[in-house]
Amino acid sequence: MLKHGILNPAINSLLSRIRHTNTLVIADRGFPYWPQIETIDISLVDDIPRVLDVLKAVQTNFTIGKIVMAEEFRQVNSSKTLRSFERCIGNVETIFEPHVRFKERVPQAIGLIRTGDTIQYANMIVESA
């Protein structure tokens, strides 16, 4: 029995299949559904869990090469929210692009984890190093 780290068996299985340069989407509660990629929905209620909660959990056993986010994220959210994401992301290269372009990348991902996050455009595509 697992005693620490990610306890969710579906997420463990998904993460174990991600290889060099493969991507994983961590999305908010309103993110569209893509039937062609595996989706693990862990949303419980508003803001539980949040995108950053999942990112922090994933970072413990996952080498992140870069993160892609929508440029709209920086336009609509408070400086406090931006700082919390910057702290969690750290020195990982982060690319901001239009949300429309961001969504074009989603079907190439190995999987998607949907959270209960209500922060606008908090979605991210995490690329394995």
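Is Arg-17 buried, exposed or partly exposed, and what is the relative accessible area of Arg-17? Arg-17 is partly exposed, at 36% relative accessible area; here buried means under 20%, exposed over 50% and partly exposed in between, using a 1.4 Å probe and protein chains only.

Before the close-ups, a word on the model. This is a predicted model, in which local features need pLDDT of at least 70 and side-chain atom pairs count only at pLDDT 80 or more, while totals for chains, interfaces and linings use all residues. Residues are numbered from 1 along each chain as its sequence is written, and side-chain values use heavy atoms, with hydrogens and water left out.

**View A. Arg-17 and Glu-38 meet in a salt bridge.** The N to O distance between these side chains is 3.0 Å; a salt bridge is a side-chain nitrogen of Lys or Arg within 4 Å of a carboxyl oxygen of Asp or Glu. Because Arg-17 sits in the loop between H1 and S1 while Glu-38 belongs to strand S2 (residues 38-41), the pair ties together parts that are 21 residues apart in sequence. Helices (H or I, at least four residues) and strands (E, at least two) are DSSP runs, numbered from the N terminus. The structure holds 7 salt bridges, and two others follow in the next views.

**View B. Arg-50 reaches Asp-117 through a salt bridge.** Their closest N and O atoms are 3.9 Å apart. Arg-50 comes from the loop between S2 and H2 and Asp-117 from the loop between S5 and S6, so this pair ties together parts that are 67 residues apart in sequence. Arg-50 is partly exposed at 32%, whereas Asp-117 is buried, with a relative accessible area of 1%.

**View C. Helix H5 (residues 99-105) carries both Arg-101 and Glu-104.** These two residues are 3 apart, about one turn of the helix, and their side chains form a salt bridge with an N to O distance of 3.5 Å. Arg-101 is partly exposed at 36%, and Glu-104 is partly exposed at 46%. Elsewhere, salt bridges that share partners join Asp-47, Arg-50 and Asp-117 into one network.

**View D. Helix H2 (residues 51-59) has five names to look for on its buried side: Val-51, Leu-52, Val-54, Leu-55 and Val-58.** They lie on the same side of H2 because they cover an arc of only 160° around the axis, the arc being that of the directions from the helix axis to the C-beta atoms. What do these buried residues pack against? Their partners are helices H1 (9-16) and H4 (79-89), along with strands S1 (23-27), S3 (64-70), S5 (111-114) and S6 (124-128).

**View E. Asn-123 is a buried residue, with a relative accessible area of 4%.** Asn-123 lies in the loop between S5 and S6. A polar atom of the Asn-123 side chain lies 2.8 Å from the backbone nitrogen of Asp-28. Leaving aside neighbours within four places in sequence, Asn-123 has contacts (heavy atoms within 4.5 Å) that include Ile-26, Phe-31, Val-68 and His-99.

**View F. Strand S6 pairs in the antiparallel sense with S1 and with S3.** Each pairing runs over 4 bridges; two strands pair if DSSP finds at least two bridges between them. Val-25 stands opposite Ile-125 in S6, and Lys-66 stands opposite Glu-127 in S6. S6 is mostly covered, with 4 of its 5 residues buried.

How values were computed: Polar contact = N/O pair within 3.5 Å; in protein donor to acceptor, adjacent residues only side chain to side chain.
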